[in-house]
Amino acid sequence: MRAHLQKLLALRDLDGAILAAERKVRILEGEVTAIERRIAAEEEDFQRRLEEHRALRHRATEKAMEADEIDEKIRTYQHKLDHDIIPYKEMEYLKEQVEFLKSRIDEVEEEAIRLMDEVEKDERRLQQERKAHEERLARLQRERSEVEEKISALRKEIQELKGRREAAIGEIPAHLRSHYERLREMYSDPVVPIVNGTCNGCHLNISQTTVDRARQGEVVTCDNCSRFLYLESAL
Ligand SMILES: [Zn+2]
């Protein structure tokens, strides 16, 4: 009888270890999800930053093109004024246009140069930021694979524990086995010690007869919660 009790305790320990390992896997899976969220946020932030830089570069290019267009117009109008024979009204109009465009081109060119400068400065900043971004990303990916390694080690451990459980349960008589499995559906601790005359599962008193039988190493159960009981001193 004592041997049955020992086997039940061994089974309980295996089930406890399996539950603990499965709990750890769930926690670690949560960590992987959190790391993946951080990786996604990191990538989004950097994409946004790249977009900002592209927008600035686009503004600078547009401004330079605007300056080129004005310059081209001035040349065309000036060429017409210098070489073509044109009606007086059109000539006046072209002169006005040239004056107006000349007054405008300096401002536009200045703005184009300022924007180009800004693009270059931003490009340098961006290179540093890219480096920091890639470092952060690499660190997060390293973290993720470390956690994933822990998970696969635990899964292997769980497989191994389940194999041992299979063997352990085979050694237990059928009536004890089915009672144990029923208890396990209800409680995480199907086998508990008697502590100070009470069941350590439901904390109610145990009859003296039961305590005495447990002292002999018999497999006994709690009248109230049905858990298997044992006395530490009887093991
Ligand atoms: Zn009980």
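A nonpolar core, as I use the term, is a set of buried Ala, Val, Leu, Ile, Met, Phe, Trp, Tyr and Cys residues joined through C-beta atoms within 7 Å. Buried means that 20 or more other C-beta atoms lie within 10 Å of a residue's own; exposed means 12 or fewer, and partly exposed is in between, with C-beta atoms placed from the backbone.

Good morning. Two ground rules. This is a predicted model, so local features need pLDDT of at least 70 and side-chain atom pairs count only at pLDDT 80 or more, while totals for chains, interfaces and linings use all residues. Residues are numbered from 1 along each chain as its sequence is written.

Start with the domains. The assignment gives domain 1 (2–172) and domain 2 (173–235). Those bounds come from an automatic or database domain assignment. Taken over C-alpha atoms, the centres of domain 1 and domain 2 are separated by 59 Å.

Helices are DSSP runs of H or I with at least four residues, strands are E runs of at least two, and both are numbered from the N terminus. Helix 1 covers residues 2–83, and helix 2 covers residues 88–170. They pack at an angle of about 170 degrees, with axes 5 Å apart. Helix 1 is therefore roughly antiparallel to helix 2. For the record, angles over 145 degrees count as roughly antiparallel, under 35 as roughly parallel, 65 to 115 as roughly perpendicular, and the rest as oblique. The axes are lines fitted to C-alpha atoms, for helices over the stretch in contact, and angles run from 0 to 180 degrees between N-to-C directions.

What is in that helix contact, by class? It has 40 nonpolar, 4 polar and 35 charged residues. Here nonpolar is Ala, Val, Leu, Ile, Met, Phe, Trp, Tyr, Cys and Pro; charged is Asp, Glu, Lys and Arg; polar is the others, Gly among them.

Asp-106 is exposed, with 11 other C-beta atoms within 10 Å. Asp-106 and Arg-57 are 49 residues apart in sequence, and their C-alpha atoms are 20 Å apart.

Two residues are in contact if their C-beta atoms, placed from the backbone, lie within 7 Å. On that basis, 11 residues of domain 1 contact 12 residues of domain 2. Helix 1 gives the most to the domain 1 side, with 9 residues. That side divides into 7 nonpolar, 1 polar and 3 charged residues.

Back to the core. The largest nonpolar core has 17 residues. Which residues have the most contacts inside it? Leu-8, Cys-199 and Leu-229. Helix 1, helix 3 (174–186), strand 1 (191–195) and strand 4 each supply at least two residues of this core. Domain 1 and domain 2 both give residues to the core, so it lies between them.

Take Leu-229. Leu-229 lies in strand 4, residues 228–230. Leu-229 is buried, with 25 other C-beta atoms within 10 Å. Skip neighbours up to four places away in sequence, and Leu-229 touches Val-192, Ile-194, Cys-199, Ile-206, Thr-210, Ala-214, Val-220, Thr-221 and Cys-222. Leu-229 and Asn-200 are 29 residues apart in sequence, yet 8.4 Å apart in space, C-alpha to C-alpha.

Then Cys-199. Cys-199 sits in strand 2, residues 198–199. Buried or exposed? Cys-199 counts as buried, with 22 C-beta neighbours inside 10 Å. Beyond four places in sequence, its contacts include Val-192, Ile-194, Leu-204, Ile-206 and Leu-229. Cys-199 and Glu-118 are 77 Å apart, C-alpha to C-alpha, and 81 residues apart in sequence.

Val-220 is in strand 3. Val-220 is buried too, with 24 C-beta neighbours inside 10 Å. Outside four places in sequence, Val-220 touches Thr-210, Arg-213, Ala-214 and Leu-229.

Last, two backbone points. His-203 has a positive phi of about 65 degrees although it is not a glycine. His-203 is in the loop between strand 2 and helix 4 (208–215). His-203 counts as partly exposed, with 13 C-beta neighbours inside 10 Å. Ser-226, also not a glycine, has a positive phi of about 75 degrees. Ser-226 is in the loop between strand 3 (220–221) and strand 4. With 17 other C-beta atoms within 10 Å, Ser-226 is partly exposed.

Thanks.
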